[in-house]
Amino acid sequence: MEQYWLDRGISLRLSARLVHFREQVRKGRIHARIWSQDYRPLHAKIYLGDRAVTLGSSNFSRNGLERQHEANARFTATAEPRRYRETATIAQAYWEHGRDYTQGLLALLTNLLRQVTWREALARACAELLEGDWAREYLAEADLASFRALWPSQRQGIAQALYLLERQGAVLIADATGSGKTRMGAHLLRIQQGRLQGMGRLPRSTMITPKSVAREWTQEALAADAPLDLVREGLLSSGQQASWLEDVFRRTRLLAVDECHHFLNPRSQRTRRLFNHLADNVVLFTATPINRDADDLIRVAELLGADNLQESALEVLQRLSRRAEYKDLDPQAARQLRDEIRTFTVRRTKPMFNALIDREPDAYRDQAGRRCRYPEHRPRSYDLREPDADRTAAQRIRELLDSLYGVLHIAGTPLRISELQRRRGLSEGQYRDQLLAAAPALVRHRVLAALRSSRAAVVEHLCGTDAARSEFRIRAFPKAQGTGAMLDRLASPLPRPRNHLSVPLPEWLTDPDAWETACAHDRQVLAEVLEQVRSLSAAREQAKVERLLSLAAHHRQILAFDSCLITLAYLHDLLLAQEPGLPVWRATEDAGREAVLDAFRPGGEQRQGIALCSDSLAEGVNLQAASAVVHLDMPSVIRAAEQRTGRVDRMDSPHPEVEIWWPRDALEFALETDDRFIGRAETVNELLGGNLPLPEAFQRQPREPVDAQTLISEYESRAKHDEDGEPQDAFARVRGLVEGAEALVDPETYDYYRQRSVRVFSRVSVVESRAGWAFFCMAGGTDRAPRWFFFPGIGRAPLTDVDGVAEALRERLSEDPEDGELDEHSAELLGQFVDRLPEAEWQQLPLRKRRALEEMDYVLGKFQEQASNDRDQDRLDTYTELLNLLRRKPSALAAGEPDWDALAEGWLELIRPYWYQHLLESRGRGPMRLRTLRPALIDAERELGPQIRERFTQIPLRGAAEDRVIAAILGVRSR
């Protein structure tokens, strides 16, 4: 009996009565006995008083006293003295056969009402949310060897992502590079599929992935037993299999996107197609910190789904749509979007992973059984030993490029501002000035970028692939389509720009003869540049080859990156010419790429050699067998350097340290600040599809050389900021309650509750406070994730977001308040807060589901009006009953709180065909909101009405919220 109550717990709502009851036992006013004959239990139910006695079949429960047919009798001492005496004798005999249980009952009540300190209650609540023990029942269902081999950090990440999928409807997993996101993601998708299936839906799932990591996703999904429709992101751009893709996006319930920063261009076909999905949940993966650039924030917010965002974030997006894209996002708007995205994000940094490893070092082992840990970085630089003649030629090239008009980037362009651009505030004068600055700067930037790569790259850019292949005797350089040949383009007449501007333009843009003169000038300039390039020695390329060969003597496997494919082919030939027996892979086509993946991945062939890689292999793939990375050209943006380094900077690296080598270019060849500015602009242009010229800031950009040490320092500073700064994820403020310098809970207490799934039903902490407040942590389980609620006062609205709750707790507990006592007064206050838990649960529904219920209310209100106008009582009763429920009228809630999640899911399923039809008609012109379906749904009342009556005849009820409370802290005003 005792174990039953200890396992079940007691009602928080009845705590006040139980405290009163316990006090009566303590004072000796109540005695208890327990039946002592275990072999023949007592089943009688008798209540004996001085003047009456009651006996019968009823248990003292709602069912026994109100709902069921029972047989009971009551006899009074005056009306039926004989029956009263007989029944009293039986009752007293049973009482005498029992043994005294007064102290045992008192101990049981004390244990059930046991208080804990506020630190214990807070530790238990934080562990429930952060450690993911609640998800064990999900995880246990995946009883696979691959799941059992997951690191604890991966299991923790799965639980946190499951929480956000339930709480927010979408999740952005942005863990540090090399933390095992793909394996974790495959198991996450498998478990979420099971959750969706448990809700009565067919969990078809789709994973969109770059080609470079498709094989890894396939293998991990197979190991996790996760059925996925794997779609290579190139298919979304190519237009191939369009009807199949439409069907996939229409049917998918769970949409996952790897390397989601590839989908930040709202004009690209692949991004527009991505908006054409009907998924219930969205899972985004990226290792690239997504919140550095304002433009990233906008696109990621849209990918997460408009109906999953707060109204404040939606207002920012709507306001931005009316502004000029080239203008910076104002700090307040950027902060709003960053805060909003953070509530969807799971992001753990490398120091956080290393701290998790320190907890259980033996639980983190790689395939070879070695302990895992991120390797230490050793930045190095190498000299390219340019002779004076080469430096003089490079300086002359720069001077020549400064005289360009940039006709190649203006030819045939219609010079006009669209109405949208005009509304956004771009003047014709601004457009003209920026265009005139950008056109020559882009030509200059691309020539100099090629020059830093190799002479072959510049010749390809100016004369074409075939010419460069022939001139440098490159033996094997398969390229489906040649590139470059700028001189050939300039040799043919170029169409003059079509002017639609009213502001004055330079003569060379308006006069045909002047235009031809400008074209001839640019061609002459580039021809002279070509002459200078051909005068250069092979010193730079030879220095790169020698550096690679030198490293090969100390490192078994080396990764070398360059942005120009023809440079990699040229260096490949030079390496083999000097070391014929050295394995050198050129990972620029499918066969070479697969060979590198096999040789450099964990558990691969582990063959010695050098892999020459383009930036297409710089993200998403595991190449940690290498212990050195060489930048053959200087990355113009730090993001590219981070992606390259990320191939070896992985938690299961077999190396305690890795070397990162940067080129030390002579000043005449070196990257300049304006090159970096243009590099960032081109990255944004690629991601966002911007078609405006470079902004005014470029015209003020100083032109100064950037040396290797400056870039190394910037790289390390940025990495340190990402690692040591406050992690911008949904759990940062909760984590801060138990970790770090400002933690409120000591490590020993948290460690105790972290390692134990301690049941704390009705175990409440009471603290003295200036005003009454309450915090509740509700347990997670197979049907729901954990939940946190904070009530700042009896009549005040509850806080339901973990950020707000964590801040409220910090504000009230940081001064270490005194523990109070759970007496009758505090227990009664606790009961008042408990009564408000159903209201708080409704408010914590995911925004998309709350909006679904709001839209359901709106549409049913219109249906109610139609039914009333038609004098159709059956339809009117159906709609009225559902509206009363949605509006939480007491009469509709008499039987209990409905399962609001299930109700919202039912509505979303019902309107799914109308949603899909609207998506087809809009053709992915941007994120869609549920409210846009109102007209179509209202017009379909005759069709939807019968389906509504059928689907919502039986609405499932939720269990009592108080039964799921596992920790509570009650602030009681000092008396």
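**Helix contacts and nonpolar cores**

Colleague: Which residues of α40 and α44 meet?

Modeller: R875, T878, Y879 and L882 in α40 meet E941, R942, G945, I948 and R949 in α44, where contact means heavy atoms within 4.5 Å and helices are DSSP runs (H or I, at least four residues) numbered from the N terminus. This is a predicted model, in which local features need pLDDT of at least 70 and side-chain atom pairs count only at pLDDT 80 or more, while totals for chains, interfaces and linings use all residues. Residues are numbered from 1 along each chain as its sequence is written, and side-chain values use heavy atoms, with hydrogens and water left out.

Colleague: And at what angle do the axes of α40 and α44 cross?

Modeller: They cross at roughly 65° and come within 11 Å, the axes being lines fitted to C-alpha atoms over the stretch in contact, with angles running from 0 to 180 degrees between N-to-C directions.

Colleague: Changing topic, which residues touch the most other members in the largest nonpolar core?

Modeller: Of its 90 residues, L122, V283, L559, F775 and W788 do; such a core is a set of buried (under 20% relative accessible area, 1.4 Å probe, protein chains only) Ala, Val, Leu, Ile, Met, Phe, Trp, Tyr and Cys residues joined through side-chain atoms within 4.5 Å. The largest share of this core, 9 residues, comes from helix α6 (residues 118-130).

Colleague: What about a second core?

Modeller: A separate core of 75 residues includes A439, L526, V584 and W661.

Key:
Buried < 20%, exposed > 50% of the residue type's maximum accessible area, 1.4 Å probe, protein only. Helix = DSSP H or I, 4+ residues; strand = E, 2+ residues; numbered from the N terminus.
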